[in-house]
Amino acid sequence: MTTPLTKRAAWQSLQTHFPQVRELTLRQLFADDAQRGARLTLDAVGIYYDYSKHRVTDETLKLLVQLAEESGLADRIAAMFRGDKINSTEKRAVLHVALRAPRGASIVVDGQNVIPAVHAVLDRMADFAKRVRSGQWRGHTGRPIRNIVNIGIGGSDLGPVMAYEALRSYSQRELTFRFVSNVDGTDFAEAVIDLDPAETLFIVASKTFTTLETMTNAETARTWLLAKLTDPAAVARHFVAVSTNTNLVQKFGIDPANMFEFWDWVGGRYSMTSAIGLSTMLAIGPDHYREMLDGFHQMDEHFRTAPLNRNLPVLMALLGLWYTSFFKAETLAVLPYEQYLKRFPAYLQQLTMESNGKTVTLEGTEVDYQTGAVYWGEPGTNGQHSFYQLIHQGTKLIPCDFIAFVQPLHDLGRHHDLLLANVFAQAEALAFGKTSQEVASEGVPAELVRHKTFTGNRPSSVLLLDKLTPATLGKLIALYEHAVFTQGIIWGIDSFDQWGVELGKKLAERIIPELEAKTEPTLGHDSSTNTLIRRYRQLKHSSAGK
């Protein structure tokens, strides 16, 4: 049995050390070390990571790295890349890193090198993407495809949406892309409202081809298509599948030749570089897609080989753990100063919160420390006129990740200098604030001094990259993936299962027939749920009669 986290020597040293650091201010730390801003940085894999504005000392960092070592992080990294079944509750390997490994690599699962199969699917995706993008693939009436609608949910949606928005500058503009995930009919209706079925291709992304939301939307899409094209044979020219269930795919009307497979060692929130990324490849083309995969792989290799104290994902993870488990900070704001990354925080919400939102250790014991933080954010500078007030002057400690790029994708006069000025200014303001004496010295009336005082001492990282390209997007995503894994290892939880999403889905399956029943059903829920079901049925039937 492994030593419980709170019994490890480094953890106990951190507990002793924490009260000393809690009293320090960033003003003091920078005043005591003129080189701190240059020294506490890491430049690796094309990412300049400034972590100097964190409430840590050299001793803090040393103890955090020691904690990672005592947690067996290096061995667990090696086990993941080896293909060991580290997802212990589901007895599966965790091999999203295999999805972006080069063609000649070898990663063995159950005695078989999986890399050839990965590249076989990538090659089929590339061939299909070229045919659609060139107009060679024709719809049922002989017209080329101009609209692509991805139908999925969770990892089958959030990754593709985020990647499309992030790389829209590299996309084929003649093609329209839409994404449907919500079982709310509005999502589908608005996605297709201005599309022509004869020019529309649907990608149905469901590993089992049984996911309730996805298959409900897929059935609605088929009905919508056949209302115009009428011939059931049209389905085969307007639908493709990302799945492993050949029988159900074929039963739906999709040609199995147009089914792109993936594997049970790919978790949903880690799957955007699998066939789930088909819509991304259709948008940006196979060459840019492979550049993105190479960016992922570069970060994978850095994570696998760099020493823990100079390892980007490890440092990011340890700083996040420091605030979550010691300062009891409950959230982390991800603030990309790049409009194309507007969906990046939403993507990270699933990656981080579905992975590390756990209360039970791998050994089945209840945790007695804080685990995963709540991730949230919006692009700058929009967020500055929204929620930054709370970050700067509110009562909650909210560490921030600022993400910025040196080169703009659209060079419009002073825009980019203004954008980057705000990145650096916000990080500076959070760290150092403004004292009441400084405010008063500016002639501010006494009754307003307290209102205009900023306490500062609010931590942040700045991640500075050259330019948003497919490769840099891959590096950024992999950076957060491996940081999540690192934290999970130290907290002793399984970052790759998601049992917490099951209960509500199971209960919904029970309630659906109760809502759809023609006669009053016998209900066996709690009094609140029973009342809500009855109320909904009553209002639905009374509305239907109007």
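## Terms and basis of the model

Buried residues are those under 20% relative accessible area, exposed residues are over 50%, and partly exposed residues lie in between, with a 1.4 Å probe and protein chains only. Helices (H or I, at least four residues) and strands (E, at least two) are DSSP runs, numbered from the N terminus.

The structure is a predicted model, in which local features need pLDDT of at least 70 and side-chain atom pairs count only at pLDDT 80 or more, while totals for chains, interfaces and linings use all residues. Residues are numbered from 1 along each chain as its sequence is written, and side-chain values use heavy atoms, with hydrogens and water left out.

## Overall architecture

The protein contains 21 helices and 13 strands. Its radius of gyration is 25 Å, close to the 24 Å that the globule rule gives for 546 residues, so the protein is as compact as a globular protein of that length. The radius is taken over C-alpha atoms, and the rule is 2.2 Å times the number of residues to the power 0.38. The C-alpha trace spans about 75 × 60 × 60 Å along its principal axes.

Of the 546 residues, 53% are buried. Among contacts (heavy atoms within 4.5 Å) with a separation of 6 or more, 73% are accounted for by residues 24 or more positions apart.

## Surface and charge

The protein exposes about 24,100 Å², of which carbon and sulfur atoms supply 52%. Accessible areas come from the Shrake-Rupley method with a 1.4 Å probe, and for residues only the protein chains shown count as cover.

There are 56 positive and 59 negative charges, and their mean positions are 3 Å apart. Lys and Arg count as positive and Asp and Glu as negative, whereas His and the chain ends are not counted. The place of a charge is taken as NZ of Lys, CZ of Arg, CG of Asp or CD of Glu.

## Aromatic pairs

A search of the whole structure finds 28 aromatic pairs. Rings of Phe, Tyr and Trp (its six-membered ring) pair if their centres lie within 6.5 Å; planes under 30 degrees apart count as stacked, over 60 as edge-to-face and the rest as tilted. The rings of W11 and F326 have centres 4.6 Å apart and planes at 40°, so this pair is tilted. It links distant parts of the chain, with W11 in helix α1 (residues 9-22) and F326 in helix α13 (residues 312-326), 315 residues apart. Both W11 and F326 are buried. These two residues also belong to one aromatic cluster, together with F18, W322, Y323, F327 and Y369.

Another pair is formed by Y337 and F402, whose ring centres are 6.0 Å apart and whose planes are at 50°, so that pair is tilted. Y337 lies in the loop between β10 (331-336) and α14 (344-356) and F402 in strand β12 (residues 400-405), so the pair ties together parts that are 65 residues apart in sequence. Y337 and F402 are buried.

## Buried elements

Helix α7 (residues 158-166) is mostly covered, with 9 of its 9 residues buried. The buried residues are L158, G159, P160, V161, M162, A163, Y164, E165 and A166. Their cover includes β5 (147-151), β6 (176-180), α12 (278-305), α14 and α19.

Helix α19 (residues 470-491) holds T486, which counts as buried at 0% relative accessibility. Leaving aside neighbours within four places in sequence, T486 is in contact with L73, F303, V314 and A317. G135, in the loop between α6 (115-134) and β5, is buried with a relative accessible area of 13%. The C-alpha atoms of G135 and R146, 11 residues apart along the chain, are separated by 8.6 Å.

## Exposed sites and backbone geometry

D43 lies in strand β1 (residues 41-44) and counts as exposed at 58% relative accessibility. The C-alpha atoms of D43 and G83 are separated by 29 Å, and these residues are 40 residues apart along the chain.

Most residues other than glycine have a negative phi, and most peptide bonds are trans. T230, although not a glycine, has a positive phi of about 65°. T230 is placed in the loop between α9 (212-229) and α10 (235-238) and is exposed, with a relative accessible area of 58%. K328, which is not a glycine, has a positive phi of about 60° and is found in the loop between α13 and β10. The peptide bond from G380 to T381 is cis, with omega near 10°; T381 is in the loop between β11 (374-376) and α15 (388-393).
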